[in-house]
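Here is a short note to read alongside the structure. Please keep the 3D view open and find each residue as it comes up.

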Amino acid sequence: QGFAALLPVALARKPHVLTVHGGDIFGLKSKVIRPFKQLALRSASAVTVNSTFTANAVKTLTNGRCQPVRIPMGVSIEQPDPHRAREIRERYAPDGEPLLVFVGRLVFEKGVDDLIQAVALLRAKFPNIRCLIIGEGQQRAEYEALAQELQLQNNLQFLGWVQPHEVNVHIAAATCFVGPSKTAPDGWVEA
């Protein structure tokens, strides 16, 4: 993506910032792609990354010629409202059953299908287990069909997008937050 921006940026002769996430640097590792990644990084006016690990990978890829600035992904440091968390818990798991919460895009590399399969397996030991899937994505209908096929209507709910200030409250209501991840067939890695 950074390479695709090079042509219009070069033609317009405008400075530009390239933001690199883990999947950008760790995915698509072929020797053919490597020079394009290096050119995109060296051509940027500035490079930002979301973690120290990604920063080190950028430095390695560019032999130290690129010094990225780390800007951590934002998270709320406000404590969630305990009364609101209790309301959510009572709505979805009123009898104290295990409550799993996932928050993210509904795409292959987030591993939502693995989570759905896990809920089906866990149901044997915890028949009243509950799982909330928060987020949207192009594979939502596929995941809903999988949940239907596995007869998880009483165990799993797709809440879709929720207000950002409600995300940490849902997580606080959970017995466990679940954040699966897997490598996409094209090498893309998502955390």
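This is a predicted model: local features need pLDDT of at least 70, side-chain atom pairs count only at pLDDT 80 or more; totals for chains, interfaces and linings use all residues.

The points below go from the whole chain to single side chains.

1. **The chain as a whole.** The chain has eight helices and seven strands. Of its 191 residues, 39% count as buried. The accessible surface comes to about 11600 Å². Carbon and sulfur atoms hold 58% of that surface.

2. **Contacts along the sequence.** Take the contacts between residues at least 6 apart in sequence. Of these, 71% join residues at least 24 apart.

3. **The open sheet.** Four strands make an open sheet in the order S6-S5-S4-S7, and their pairing is parallel. Strands S6 and S7 (176–177) are the edge strands, because each pairs on one side only. In general, strands of a sheet pair through backbone hydrogen bonds.

4. **Where S4 meets S7.** How many bridges join S4 to S7? There are two, and the strands run parallel. To find the place, look for Leu100, which stands opposite Cys176 in S7.

5. **The buried side of H6.** Helix H6 covers residues 112–122. Its buried residues are Val112, Asp113, Leu115, Ile116, Val119 and Ala120. They cover an arc of only 160° around the axis, so they lie on the same side of H6. An α-helix has 3.6 residues a turn, so residues three or four places apart point the same way.

6. **What H6 packs against.** Which elements do the buried residues of H6 pack against? Three are strands: S4 (99–103), S5 (130–134) and S6 (156–160). Helix H7 (140–149) is also on the list. Strands S4, S5 and S6 belong to the open sheet of point 4.

7. In general, side chains of opposite charge can pair when their charged atoms come close. Arg84 is partly exposed, with a relative accessible area of 21%. Glu87 is partly exposed too, at 45%.

8. **Glu109 with Arg105.** Here the side chains meet in a salt bridge at 3.9 Å, N to O. Is Glu109 buried or exposed? Glu109 counts as buried, because its relative accessibility is 14% and the cut-off is under 20%. Arg105 is partly exposed, at 38%.

9. **Glu136 with Arg140.** These side chains also form a salt bridge, at 2.6 Å from N to O. Glu136 is partly exposed, with a relative accessible area of 40%. Arg140 has 19% relative accessibility, so Arg140 counts as buried. Elsewhere, salt bridges that share partners join Arg84, Glu87 and Glu166 into one network.

10. **A nonpolar patch.** Finally, look at the surface. Val32, Ile33 and Phe36 form a nonpolar patch there. Together they have about 250 Å² of accessible area. Phe36 is found in helix H3 (residues 34–43). At 37% relative accessibility, Phe36 counts as partly exposed. A patch residue needs over 30%, so Phe36 passes that cut-off.

Definitions and conventions: Residues are numbered from 1 along each chain as its sequence is written. Side-chain values use heavy atoms; hydrogens and water are left out. Patches are made of residues with over 30% relative accessible area and no salt bridge: like charges are joined within 9 Å, nonpolar side chains (Val, Leu, Ile, Met, Phe, Trp, Tyr) within 5 Å. Accessible areas come from the Shrake-Rupley method with a 1.4 Å probe; for residues, only the protein chains shown count as cover. A salt bridge is a side-chain nitrogen of Lys or Arg within 4 Å of a carboxyl oxygen of Asp or Glu. Buried means under 20% relative accessible area, exposed over 50%, partly exposed in between (1.4 Å probe, protein chains only). The arc is that of the directions from the helix axis to the C-beta atoms. Contact means heavy atoms within 4.5 Å.
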